[in-house]
Amino acid sequence: MDATTAYLSDYAFRLRYADLSADAINQAKRTLIDTLGCGVGAFDGEPAVVARRIAARSQGDPPARLLGTRQRASLDMAAFANTALVRYLDCNDTYAAKGTGHPSDMIPAVLAAAEARGADGRAVITAIVLAHEVFCRLADEVPLKGWDQGMFVGIGTACGAGQILGLDAAALGHAISIAITSGVPLGVTRIGELSMWKGCATAAAVRIGVFAAQLAADGMTGPPAPFEGRDGLWQHLGIEAPKWGRFGGGGEPFRINATSFKAYPSVVHTQGSIGLALELRSQVAADQIASARVATYGDAVRRTASEGEKWDPKTRETADHSTPFLVAAAWQDGAVTPATYTPSRIQDPSLRPLIKKLTVVEDPDFTRRYPAEACARIDVTTTDGRTLTAETRYPKGHRANPLSDAEVEAKFRGLASPALGADGCDGVLAHAWALEKAATADALLESLVAR
């Protein structure tokens, strides 16, 4: 196998719970809670319903549970359907570097493999940290250049699920190879008017990663040089093979502690602008705005305001990637929640006059400071001639301005209580915070069954 495959597979094989720092263990549990809240909160979302319906037609030996139910499906299809749930609200964690994405998309794969294998809570925590480490270290070195973040997800999933399934280093190498050679998704998923597939693309990568681990467990081999060989990943990306430094452990911090959580259900590039709109709303009502200028970093402008579709969204997926829509909705409503994305609200003509008063521009200095900072500034001119400004470097939830444990719990309750009720939320939180003591993940999964 090539050097990258060998490095990743050896790390995945050797990492143990005893190698994890206390901070990494705590962050893994916080991330699990955040992820499960996003998943349960999306239980009735249309893509999640479709994915669950398709997954329920499959059988597994052993099977894995469909999140929020007592139904079971094949391991890979359960991981797919459960990841589609987690992604639907666009509210789970984010890691920003040369590549950007949502490493907690891989948690449903870890849970499905743990259920099938009967793995204990410490194994689940270790696999979550491992999958995050692989995803984030790849993102540190690899620009996506027109490809989708599922590239990182498939590899991380093969490592996390493969470790849970008991693969040795050689088999893990084959799982990684199978995942990357068969599952590199296109970036067009997130361009223009966004479809339901926006929230399912990484679910498909998760499914491939799980399937690759299952194949490798039964002896399937993959190409020996998927990264560094001729027509391998590095050649297709047009980059030199990265020189890998130390991964987490042995005093080296784990990348899971460098992830950010979201305060609002929308793409990460809009978090700062939403928070600033809510801050300024207390000083000027929407109908008092003559004009408002949103300045932010280049990726945020390109992803959320550079296309006509983002200025007149038609789908939920486009609306949660639209700075103009989200700033206008935050100003009018005083919040951005899942209710912001009802079809009637997305198409509400009362939002359009405010949207027309907005401009969204790149600030070159903000671009230079990204991704270490996620800067945004809003300058408002009022109808009576006043000027107001608000600015942020670290929106709430950013790794430099993190949610507290209490805020993570409050976010979970806000998303999950309609499906679980207050007592049900209590049960999930109790199981998640004590996961390292659990003999299996069964009690946690059972506590997630919707009422």
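This is a predicted model: local features need pLDDT of at least 70, side-chain atom pairs count only at pLDDT 80 or more; totals for chains, interfaces and linings use all residues.

Modeller: Residues are numbered from 1 along each chain as its sequence is written, and side-chain values use heavy atoms, with hydrogens and water left out.

Biologist: Why is the aromatic pair of Phe-80 and Trp-197 called tilted?

Modeller: Rings of Phe, Tyr and Trp (its six-membered ring) pair if their centres lie within 6.5 Å, and planes under 30 degrees apart count as stacked, over 60 as edge-to-face and the rest as tilted. Phe-80 and Trp-197 lie 6.5 Å apart, centre to centre, with 35° between the planes, so the pair is tilted.

Biologist: What makes Phe-80 buried, and how is Trp-197 classed?

Modeller: Buried means under 20% relative accessible area, exposed over 50%, and partly exposed in between (1.4 Å probe, protein chains only). Phe-80 has 12%, so Phe-80 is buried, whereas Trp-197 has 42% and is therefore partly exposed.

Biologist: Why is the pair of Phe-135 and Phe-152 edge-to-face?

Modeller: The ring centres of Phe-135 and Phe-152 are 5.5 Å apart and the planes stand at 75°, so the pair counts as edge-to-face. Both Phe-135 and Phe-152 are buried.

Biologist: How do you know that Arg-316 lies over the face of Tyr-341?

Modeller: A charge sits over a ring if NZ of Lys or CZ of Arg is within 6 Å of the ring centre and within 35 degrees of the ring normal. Arg-316 is at 4.1 Å from the ring centre of Tyr-341.
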